Amino acid sequence: AWEVVHKGSGKKFCLKVNDLGKTTEQARRLIFEEIRILKSLSHPNIPKAFAAYTERTTLSIVMELCTGG
């Protein structure tokens, strides 16, 4: 996971990058379903997922940045 900064707002986010190269189609569907659920949740103990992008076999998830342990 990487700490990234939105160029327009200066807000910090967590960017998680995952290789989907050896992932089955069924596993990919489950991953995207989990992302959809995370994007819909609002709980202080669950990091918010804002967006997910795929490029070839790479999945990138933009999430709330959690600091301090």
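Let me begin with a question: does glutamate 33 count as buried, partly exposed or exposed, and at what relative accessibility? Glutamate 33 counts as partly exposed, because its relative accessibility is 35%, where buried means under 20% relative accessible area, exposed means over 50%, and partly exposed is what lies in between, with a 1.4 Å probe and protein chains only.

Before I go further, a word on conventions: this is a predicted model, in which local features need pLDDT of at least 70 and side-chain atom pairs count only at pLDDT 80 or more, while totals for chains, interfaces and linings use all residues. Residues are numbered from 1 along each chain as its sequence is written, and side-chain values use heavy atoms, with hydrogens and water left out.

Arginine 36 and glutamate 33 form a salt bridge in which the closest N and O atoms are 2.7 Å apart, a salt bridge being a side-chain nitrogen of Lys or Arg within 4 Å of a carboxyl oxygen of Asp or Glu. Arginine 36 is itself partly exposed, because its relative accessible area is 48%. Along the chain, arginine 36 is 12 residues from threonine 24, and the C-alpha atoms of these two are separated by 18 Å.

How many salt bridges does a search of the whole structure find? The search finds 2, and one of them joins the side chains of glutamate 3 and lysine 12, at 3.5 Å from N to O. Both of these residues are partly exposed, because glutamate 3 has a relative accessible area of 49% and lysine 12 has a relative accessibility of 47%.

Let me turn to the sheet. It is an open sheet of 4 strands in the order β1-β2-β4-β3, with antiparallel pairing, and two strands are said to pair if DSSP finds at least two bridges between them. The edge strands are β1, residues 2-5, and β3, residues 49-55, each of which pairs on one side only. From one strand to the next the twist averages 30°, with axes taken as lines fitted to C-alpha atoms, for helices over the stretch in contact, and angles running from 0 to 180 degrees between N-to-C directions. Helix α1, residues 25-40, packs on this sheet and touches β3 and β4, the latter being residues 58-64, and the direction of α1 makes about 155° with that of β3.

As for the individual pairings, β1 and β2, residues 12-19, are antiparallel over 4 bridges, and the partner in β2 of glutamate 3 is cysteine 14. Strands β3 and β4 are likewise antiparallel, over 6 bridges, with isoleucine 61 in β4 as the bridge partner of alanine 52. The hairpin of β3 and β4 has 2 residues between the strands, and within this hairpin arginine 56 takes a positive phi near 55°.

Alanine 49, in β3, counts as buried because its relative accessibility is 2%. Setting aside neighbours within four places in sequence, alanine 49 is in contact with Leu38, Lys39, Ile61, Val62 and Met63, contact meaning heavy atoms within 4.5 Å.

Serine 60, in β4, also counts as buried, because its relative accessibility is 17%. With neighbours within four places in sequence again left aside, the contacts of serine 60 include Leu15, Lys16 and Val17, as well as Ala51, Ala52 and Tyr53.

Threonine 58 counts as partly exposed, because its relative accessibility is 30%. Finally, threonine 58 and tryptophan 2 are 56 residues apart along the chain, and their C-alpha atoms are separated by 15 Å.
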